[in-house]
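Subject: Structure for your review

Dear colleague,

Please find below the structure that I am handing over to you. My notes on it follow.

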Amino acid sequence: MGEEKYMQRCIQLAKNGRCNTTPNPVVGAVIVCNGKIIGEGYHAKYGAPHAEVNAINSVKDKSLLKKSTLYVSLEPCSHYGKTPPCADLIIKKQIPKIIIGCQDPFTEVAGRGIKKLRDAGRDVTVGLCENDCKNLIKPFIIFNTLRRPYITLKWAESSDGYIDAVRSSGSPTILSTDLTSMLVHKKRAEADAIMVGTQTARLDNPFLTVRNWYGQNPTRIVIDRNLSLKRSLHLFDGSVHSLVFTSANCPEEKNIEYITLDFEKNILPQILNILYKKKLQLLFVEGGSVLLQSFINSGLWDEIFIEKSHKELGTGVKSPEMIDKISHSTQKHFGVPILHYINEKIENNTPK
C-alpha cells in the first residue's frame, strides 16, 4: 500500500463531513512523521476550519511539522473565503512535503494552491489515489465544471415494474420498507434540494423532510405551473425553505419563493441554472414517473437508485425507463435489491 494507505485514510475521514459542507467539498487530511500518523482532520462544516487546519491543530508536538508529510485529498485553497488560505498555513508551519489527491476544479483555486506551495519551496506531489479522490467530490466537480447541480434520481418499483397504483386520491402504494426508507432520508440529508412534480405533490402530500436520519432538511422544490396546488399541502407550511416553479406571478410567502419559468421552452435547464445560481449543489429528485422520465430523456442525471420491491402490483403507473443501455450495479440493503446507475456519458465528458 505504501503512501496510498494515508490517502485512503484522508478519504475515510472526509466522508464524516457529508451533510454539512456544501457548497464546499468534503476533504480529509493526514500528517505523517517517520511513518506514523501524528495528526488528522476533515472539513466538518461549511464556514468552519478546513481539513488541513484541523489536522495541523491536532498535532500535539508542533515541532514535528517541520519534518512531516501532509496528505490531503484535495488541493489546499489559496484564497480568502469563509476561512484564510490553507496553503498559507502549511507554508507558515514549514511542512516540507505535501501529497495531494486531486486538483481543485473551483476557479478560485484550480492549481493556484499547488503553485503557491511550490513557489514557497515545498515538495508537492499531485495525483495519489486521484480517481478515488475525484469520486469523493464528484458533485463538487460537476457543479463547478458543468455549472449545474449534481442530480440523483430515486424511485421504488414493484417486481413487475410499477411505482404506484392508478389513483385520483388516497395514499400512495408503499413499496419501501422501514429500513430502506431510512436510506432515502439519509440521501435527503446529504442533498441541498429535493424535487417533486405537481402530481406527486397533489396526490402524496409529502413533507420532503429528513425524519428517519440525522441532518438538515433540504430546500424543497415543486413545479406548479398554474398554481393549482392547494396551499394547505405540507410543502407550503413554511417550515422549510421551498421553491415553487410556476408560470404565474405570485407574492412571496413565509419561507416560500415563487420563481417564474418560460414553460414554452424546456424548463429543466432553466431550473438547473437557477439552482446553480443559488449554490444548491446536490439535487435529489423523488418525483413521479413523468418528472423522473423527463430528466432521463434530457440526459440530465448523474446517478439513479431504483429500489426493487418484492411486491407485485399487476397494474398501475409504469416505472420510468432508461433510454440508453447503461450498465448498473445491484446492491442489497436489508435484503432489498437496489439498482445503481451512473451516467457514464457525463462522467467521461467531465473535464479532468
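A residue is called buried here when its relative accessible area is under 20%, exposed when that value is over 50%, and partly exposed in between. Please bear in mind that this is a predicted model.

By that criterion, helix H6, which spans residues 138-146, is mostly covered, with 7 of its 9 residues buried. The buried residues of H6 are Lys138, Pro139, Phe140, Ile141, Ile142, Phe143 and Asn144. Just after H6, Arg147 adopts a positive phi of about 55 degrees.

The largest pocket has a volume of about 1200 Å³. Its lining comprises 41 residues, of which Pro172, Thr200, Asp204, Glu286 and Gly287 are the closest to the centre. Two or more lining residues come from each of strand E6 (150-157), strand E7 (162-164), helix H7 (178-190), helix H8 (198-204) and helix H10 (289-298). Sorted by class, the lining of the largest pocket holds 19 nonpolar, 14 polar and 8 charged residues.

H7 supplies the largest share, 6 residues. The lining of the second largest pocket divides into 19 nonpolar, 12 polar and 10 charged residues.

Finally, I turn to the cysteines. How many disulfides does the structure hold? The number is 0. Cys19 is in no disulfide, and the nearest cysteine sulfur, that of Cys133, is 20 Å away. A pair of cysteine sulfur atoms must lie within 2.5 Å to count as a disulfide. Cys19 is partly exposed, since its relative accessible area is 23%. Cys33 is likewise in no disulfide; the nearest cysteine sulfur belongs to Cys10 and is 16 Å away. Is Cys33 buried or exposed? With a relative accessibility of 5%, Cys33 counts as buried, because that value falls under the 20% limit.

Yours sincerely

Definitions and conventions: Residues are numbered from 1 along each chain as its sequence is written. This is a predicted model: local features need pLDDT of at least 70, side-chain atom pairs count only at pLDDT 80 or more; totals for chains, interfaces and linings use all residues. Side-chain values use heavy atoms; hydrogens and water are left out. Buried means under 20% relative accessible area, exposed over 50%, partly exposed in between (1.4 Å probe, protein chains only). Helices (H or I, at least four residues) and strands (E, at least two) are DSSP runs, numbered from the N terminus. On a 1 Å grid over the protein atoms alone, a cavity is a set of points where a 1.4 Å probe fits but cannot get out, and a pocket is an open set with protein on both sides within 12 Å along at least five of seven lines; lining residues have an atom within 4 Å of a point. Grid points are joined across faces, edges and corners, and a volume is the space filled by probe spheres set on the points. Ala, Val, Leu, Ile, Met, Phe, Trp, Tyr, Cys and Pro count as nonpolar, Asp, Glu, Lys and Arg as charged, and the others, Gly among them, as polar.
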